[in-house]
Amino acid sequence: HLIKTPNKIIFEFNRTKIFFERLLTQKIDLKRPTLDLNNHVNLSLPKKYLTLFIGATNYCRCWPIENFVKVIEYILANFKDVDILICGGSGELAESNKITKILKNKRIHNYVGLTTLMNLIEIISKSRMLLSNESNAPHIAVAFEVHTIVLYNGLNFRRFAPYPKNM
């Protein structure tokens with residue numbers, strides 16, 4: 001090994017931090033990811049909403065759409081002042097359209113395939129909560145301290161989720 005890192009499974013953020021501390025031979029004071037959106041984007045978003053990120057890089061990481069529908073039904077029935085924003089890449093457009101066709105509710109906003117990365121970051125940063133498949137979305141949420149539920153299939157457990165309590 002050119003640069004030694006712990007020979008055990010640790011959270012990937014911490015492994016990368018250790019790597020760069022050893023490479024640079026200096027301590028890096030970074031507790032968790034952070035982002036600053038000042039002067040970048042300003043979407044017109046509902047006042048109070050939850051974000052669902054329905055995509056993932058691999059189908060085995062995706063929760064069935066029928067389950068997302070059940071969660072949305074519950075939220076719409078029990079939280080009258082909360083909208084739902086559905087996000088994902090253009091590859092999830094058929095799934096998001098299926099959700100909106102089944103539920104037909106004006107409080108559901110389908111942003112799938114319509115956002116840039118900066119738009120997605122803004123949406124997540126202002127969200128009351130994120131419900132997401134294992135993807136980039138939970139990492140964005142952590143940077144803004146947004147309450148997050150990750151639907152995780154268990155592969156690579158502890159490398160990417162759950163986040164350590166000190167983050």
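This is a predicted model: local features need pLDDT of at least 70, side-chain atom pairs count only at pLDDT 80 or more; totals for chains, interfaces and linings use all residues.
Strands β4 and β5 (residues 147-151) run parallel and are joined by 5 bridges; strands count as paired if DSSP finds at least two bridges between them. Strands (E, at least two residues) and helices (H or I, at least four) are DSSP runs, numbered from the N terminus. β4 also pairs with β1 (residues 49-53) in the parallel sense, over 3 bridges, and here phenylalanine 53 stands opposite serine 132. Of the 5 residues in β4, 4 are buried (buried, under 20% relative accessible area; exposed, over 50%; partly exposed, in between; 1.4 Å probe, protein chains only).

Local features require pLDDT of at least 70 and side-chain atom pairs pLDDT 80 or more, whereas totals for chains, interfaces and linings use all residues. Residues are numbered from 1 along each chain as its sequence is written, and side-chain values use heavy atoms, without hydrogens and water.

The structure contains 5 salt bridges, defined by a side-chain nitrogen of Lys or Arg within 4 Å of a carboxyl oxygen of Asp or Glu. Aspartate 81 and lysine 48 form one with an N to O distance of 2.8 Å. This pair links distant parts of the chain, 33 residues apart. Aspartate 81 is partly exposed at 47% relative accessibility, and lysine 48 is partly exposed at 26%. In the salt bridge between lysine 126 and glutamate 122, the closest N and O atoms are 2.6 Å apart. Lysine 126 is partly exposed at 41%, while glutamate 122 is buried at 1%.
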